Amino acid sequence: MLQFLKVAILRIKWHHKVNIKKRANVSWKSSFEEYDVIHSDATFVGTMGRCSYIGARSTVGGAVGRFTSIGTDVKTITYNHAFEPPYVSTCPSFFSTLGQ
């Protein structure tokens, strides 16, 4: 019952900005641009750019850009990955705490 009430309040708060489906779990701290969709049983904490989508049963935390589609059953983790220009990569060969 509390989840239903929370979703109802969030729908009012972000009226015309986001379509939050039933049983979706969205943090009070989350923010949206517009035309976003959070599907059933998805969990979201963070910011979401315009016209983005999170599929059912997905767990997403962090910043989601504009025009981004995240499919069903996706689980993300957040981590601060250091980088120094001109290298922009998630490959550990560019950044390693072990000096590799």
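What is the relative accessibility of Asp 41?

Modeller: Happy to! This is a predicted model, in which local features need pLDDT of at least 70 and side-chain atom pairs count only at pLDDT 80 or more, while totals for chains, interfaces and linings use all residues. Residues are numbered from 1 along each chain as its sequence is written, and side-chain values use heavy atoms, without hydrogens and water.

Asp 41 counts as partly exposed because its relative accessibility is 36% (buried is under 20% relative accessible area, exposed over 50%, partly exposed in between, with a 1.4 Å probe and protein chains only). Asp 41 has a salt-bridge partner in Arg 23, with 3.1 Å between the closest N and O atoms (a side-chain nitrogen of Lys or Arg within 4 Å of a carboxyl oxygen of Asp or Glu). The two residues are 18 apart and link distant parts of the chain: Asp 41 sits in the loop between β4 and β5 (43–48), Arg 23 in the loop between β1 and β2 (25–26). Strands here are DSSP runs of E, at least two residues, numbered from the N terminus. Arg 23 counts as exposed, since its relative accessibility is 55%.

Asp 41 is also in contact with Ser 58 (heavy atoms within 4.5 Å). Ser 58 belongs to the loop between β6 (53–54) and β7 (59–64), and it counts as buried because its relative accessibility is 0%. Other contacts of Ser 58 include Gly 71 and Val 74. Its side chain reaches the backbone oxygen of Gly 71 at 2.6 Å, and the backbone nitrogen of Val 74 at 3.0 Å.

Terms used. Helices (H or I, at least four residues) and strands (E, at least two) are DSSP runs, numbered from the N terminus. A polar contact is a pair of N or O atoms within 3.5 Å; within protein, one must be able to donate a hydrogen and the other to accept it, and residues adjacent in sequence count only if both atoms are side-chain atoms. Lists of a residue's contacts leave out its neighbours within four places in sequence.
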